[in-house]
Amino acid sequence: MSQITSLPILDLSQLDGTAEQQQAFLDKLGRSARDVGFFYLINHGIDAELSAQVQQLSRRFFALSEADKQQVAMIHSPHFRGYNRAGSELTRSQPDWREQFDVGAERAPLPLDSGDAGWKRLQGPNLWPEALPELKPVLLAWQKAMTTMSLRLLRAFARALELAPDAFDSLYGDKPNEHIKLIRYPGQTAETSSQGVGAHKDSGFLSFLLQDQQRGLQVEVAPDQWVDALPLNGAFVVNIGELLELASNGYLRATVHRVVAPPADQDRLSIAFFLGAQLDAVVPVFNLPEPLARLALGPASDPLNPLLRDVGWNYLKGRLRSHPDVAQRWYNELLQQQPQHTA
Ligand SMILES: O=C(O)CCC(=O)C(=O)O
Ligand SMILES: [Fe+2]
């Protein structure tokens with residue numbers, strides 16, 4: 001039984017302060033990341049006006065006609081970008097009751113040879129809705145700001161683990177995985193389950209959630225003990241992904257979380273930003289100083305979700321499992337060769 005009843009609050013502006021303030025931030029970061037794996041981040045420097053614009057445009061996107069949303073349906077994208085209607089994504093084989101729009105780094109596809117690794121197809125352009133041209137510049141501006149801020153936090157994590165501040169730099173290089181997901185959870189109806197998104201861990205380094213006023217996000221602080229991550233104005237909810245769990249040999253926790261669908265006639269909007277490593281990186285185990293290393297239990301092993309140190313394969317594994325229709329259309333050859341990737 002855990003005593004934790006709410007998430008800790010971290011103030012990123014302390015990193016601009018005196019040596020004592022910086023150390024206080026790093027201590028609290030290390031503790032929060034280890035004990036809960038989830039916290040609120042305030043004074044993060046992301047322009048509130050820009051985040052509000054992202055929220056307003058997301059609402060307008062989800063209010064577009066079905067035909068306009070289908071113009072950017074993910075099934076058209078070998079790079080797993082675009083729109084999915086509620087019920088089409090699976091978590092632990094169960095449909096999630098949420099509609100969503102996925103945006104990644106806006107990069108040209110990699111040139112492909114026939115024998116190339118399947119994950120090389122993940123890089124490529126986004127799909128953008130013709131009916132909402134303002135969405136692209138605003139989301140790309142927010143993505144850039146979020147990448148800068150999150151890399152700063154990742155360097156603070158390295159310091160909190162008593163590693164060199166640039167210890168993780170080569171894992172993301174100049175091509176970090178910058179994945180935005182606009183998410184709308186419709187209210188529950190008699191026909192739908194309460195699974196907004198089923199219990200899961202995130203796969204990357206760090207995840208940031210910009211919530212609206214509607215509750216629903218829950219964090220598993222101890223086996224089967226769930227704490228609400230209630231919306232906190234101006235804050236991001238931050239959590240640790242599997243890459244940091246792997247890199248710290250399990251010293252840091254990628255904590256399980258889920259979203260319960262809102263009541264009937266209400267909805268919930270959440271904007272997620274996932275910071276991941278470069279697709280061609282391989283995650284080493286970093287040598288932590290002895291007092292920390294003694295507390296590292298090794299990364300959790302879950303037979304339903306084996307962790308792969310090869311970043312591209314680990315990311316592709318998650319995408320194939322979450323979006324079987326896209327997998328079937330664009331990765332059919334791979335599914336037949338390597339059925340373990342579809343488990
Ligand atoms: O909707 C949220 O706030 C959380 C979403 C989430 O956990 C995810 O998409 O990985
Ligand atoms: Fe998540």
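How many bridges join β3 to strand β6, and in which direction do the two run? Three bridges join them, and the strands run antiparallel. The legends below describe close-up views of a predicted model.

**View 1. Pairing of β3 with β6.** Strand β6 comprises residues 99–103 and is joined to β3 by three bridges. In this antiparallel pair, G82 of the model stands opposite D102 in β6. β3 spans residues 82–84 and stands at an edge of its sheet.

**View 2. The eight-stranded open sheet.** The strands follow the order β1-β2-β12-β9-β14-β7-β6-β3, with mixed pairing. β1 (9–11) and β3 (82–84) are the edge strands; each has a single partner strand, so one side of each is left without a neighbour in the sheet. On average, neighbouring strands are turned by 25 degrees against each other, direction ignored.

**View 3. Helices lying across strands of the sheet.** Helix α1, made of residues 19–35, lies across β1, β2 (38–42) and β12 (236–240). The helix α1 runs at about 150 degrees to β1. Helix α4, made of residues 135–160, lies across β6, β7, β9 and β14. Relative to β9, α4 runs at about 130 degrees.

**View 4. The shell around ligand 1.** Ligand 1 is surrounded by K181, I183, V197, D202, L209, Q211, L217, H257, V259, S270 and A272. Sorted by class, the shell has six nonpolar, three polar and two charged residues. At least two shell residues come from each of β7 (177–186), β9 (206–211), β13 (257–260) and β14 (267–276).

**View 5. The annotated span, residues 175–277.** An unreviewed UniProt entry annotates residues 175–277 as "domain: Fe2OG dioxygenase". In the model, this span is 6% helix and 50% strand.

View 6. A131 is found in the loop between β6 and α4. Is A131 buried, partly exposed or exposed? With 15 other C-beta atoms within 10 Å, A131 is partly exposed; a residue counts as buried at 20 or more such atoms and as exposed at 12 or fewer. Leaving aside neighbours within four places in sequence, A131 is in contact with L64 and D68. A131 and S65 are 66 residues apart in sequence, while their C-alpha atoms are 9.3 Å apart in space.

Technical notes. Residues numbered from 1 in each chain as written. Chains lettered and ligands numbered in written order. Predicted model: local features only at pLDDT ≥ 70, side-chain atom pairs only at ≥ 80, totals over all residues. Near = placed C-beta within 6 Å. Helix = DSSP H or I, 4+ residues; strand = E, 2+ residues; numbered from the N terminus. Nonpolar A, V, L, I, M, F, W, Y, C, P; charged D, E, K, R; others polar. UniProt positions renumbered as here; feature names shortened; annotations may be inferred. Pairing = 2+ DSSP bridges. Axes fitted to C-alpha atoms, helices over the stretch in contact; angles between N-to-C directions. Contact = placed C-beta atoms within 7 Å.
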